[in-house]
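This briefing is intended for a reader who is meeting the structure for the first time. Please view the sequence and the model together, and then consult the points below by topic.

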Amino acid sequence: MNTAENRIVVGTDGAEPGRAAVRWAASLAAERGLGLLIVHALHSEQLAYGAGLAGPVPWLDDLAAAGRKVLEEAVADVERVAPGVPVDTAMPTDSPTPYLIDASKSAAMVVVGASGKGFFAGMVIGSTASAVIAHAHCPAVVLRGRQGTTNYPDSGPVVVGIDGSPLSEQALETAFDEASRRNASLVAVHAWSDVTYDDVYGMARLVTQWESIEGDEHRLLAERLAGWQEKYPNVTVERVLVRDRPRHTLLEWSATAQLVVVGSRGRGGFTGQLLGSVSQALTRHAECPVMVVRPRKTR
């Protein structure tokens, strides 16, 4: 097994989006000198009878054989796109979610597809992906492509959403690092309010206060970026300041970006709110991979 934080963990179900996720993760691992852990779950709990009784042994044997084939194909994909990357595999018997979350404790990144085999067409993000980005112990990437395809862009800027919360500062740090590694520019999108146009009272406040607040917000954004620009002088930064509705602006940018980075919760999020509305919208509708930064665990 590769040592802690020296590998990328990726989940696959054997369908093409899952195989594409493996290839994307493998390419990234090769670029960064990391190993790869490929996880495929058998979902044997779906074969259980009532009262927790296990299904017939031949069914389990067939399921395991199919699972081994999925992992063999995934390893072959890695060897084609990123020869030399150290690969480990895991085949938990039940749901992949607990395994992926546990593996994220010792990973640099965990990668999942936006949806999996067996989901309805209208379900734009799978339950595994949703749970992983809500509970992972490291940055979690949901692979979304142009117009819902597996065409994951490798050009364009890295876009980060920031709102002044501690977690968005962590997302900003991660975004600068990603932009530097990718030789990409960085677009920093800052919304000083997260109300929407449907919030009549909120909009009334925006209309009356925006002119006086805009200058202060520009200065605050410049100050927030200054230290990171000194640390990453090779990263060109574009500042985007919007009054409200950050999710709409970030979704628009995702059409030309190669990665969008956000925190799992935004300013004012409740402690129990594991995934903020902005990150939820992006992982469901973005047109590029979305990296959700989770709070750092205190030791």
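Asp 77 is located in helix H2, which covers residues 57-81. In this predicted model, Asp 77 has a relative accessible area of 2% and is buried. Leaving aside residues up to four places away in sequence, Asp 77 touches Arg 19 and Arg 23.

- Arg 23 and Asp 77 form a salt bridge, in which the closest N and O atoms are 3.8 Å apart.
- Arg 23 belongs to helix H1 and Asp 77 to helix H2, so this pair ties together parts that are 54 residues apart in sequence.
- Arg 19 is partly exposed at a relative accessible area of 23%, and Glu 73 is partly exposed at 26%.
- Salt bridges link Glu 16, Arg 19, Arg 23, Glu 73, Asp 77 and Arg 80 in a network.

**Salt bridges elsewhere**

- The structure holds 10 salt bridges, and one of these is formed by Glu 178 with Arg 182, the closest N and O atoms being 2.9 Å apart.
- Glu 178 and Arg 182 both lie in helix H5, four residues apart, which is about one turn of the helix.
- An α-helix has 3.6 residues a turn, so residues three or four places apart point the same way.
- Glu 178 counts as buried, because its relative accessibility of 3% is under the 20% limit.

**The sheet**

- The sheet is open and is formed by 10 strands in the order S3-S2-S1-S4-S5-S10-S9-S6-S7-S8, with mixed pairing.
- Strand S3 (87-90) and strand S8 (237-242) stand at the edges with a single partner strand each, so one side of each has no neighbour in the sheet.
- From one strand to the next, the twist averages 20 degrees.
- Strand S2 (residues 35-39) pairs with S3 in the parallel sense over four bridges, and Ile 38 has Thr 89 in S3 as its bridge partner.
- The covered face of S3 presents Asp 88 and Ala 90, while Val 87 and Thr 89 are on the uncovered face.
- Strand S6 (residues 158-162) and strand S7 (residues 186-191) also pair in the parallel sense, over five bridges.
- Gly 161 stands opposite Val 189 in S7.

**Helices packed on the sheet**

- Helix H7 packs on the sheet and touches S6, S7, S8 and S9, and its direction makes about 160 degrees with that of S7.
- Helix H4 lies across strand S4 (109-113), S5 and S10, and runs at about 155 degrees to S4.
- In helix H8 (residues 277-285), the buried residues are Val 278, Ser 279, Ala 281, Leu 282 and Thr 283.
- These buried residues of H8 pack against helix H4 (127-135), strand S5 (140-143), helix H7 (246-254), strand S9 (259-263) and strand S10 (290-293).

**The aromatic pair**

- The structure has one aromatic pair.
- The ring centres of Phe 176 and Tyr 232 are 5.8 Å apart and the ring planes are at 20 degrees, so the pair is stacked.
- Phe 176 is in helix H5 (residues 166-182) and Tyr 232 is in the loop between helix H6 (200-231) and S8, so the pair ties together parts that are 56 residues apart in sequence.
- Phe 176 counts as buried at 0% relative accessibility, and Tyr 232 likewise counts as buried at 11%.

**The chain as a whole**

- The protein chain has eight helices and 10 strands.
- Of its 299 residues, 48% count as buried.
- Among contacts between residues at least 6 apart in sequence, 78% join residues at least 24 apart.
- The protein chain exposes about 14400 Å², of which carbon and sulfur atoms supply 52%.

Terms used:
Residues numbered from 1 in each chain as written. Predicted model: local features only at pLDDT ≥ 70, side-chain atom pairs only at ≥ 80, totals over all residues. Heavy atoms only, no water. Helix = DSSP H or I, 4+ residues; strand = E, 2+ residues; numbered from the N terminus. Buried < 20%, exposed > 50% of the residue type's maximum accessible area, 1.4 Å probe, protein only. Contact = heavy atoms within 4.5 Å. Pairing = 2+ DSSP bridges. Axes fitted to C-alpha atoms, helices over the stretch in contact; angles between N-to-C directions. Phe/Tyr/Trp six-rings, centres within 6.5 Å; stacked < 30°, edge-to-face > 60°. Areas by Shrake-Rupley, 256 points an atom, 1.4 Å probe, with all protein chains shown as cover. Salt bridge = Lys/Arg side-chain N within 4 Å of Asp/Glu carboxyl O.
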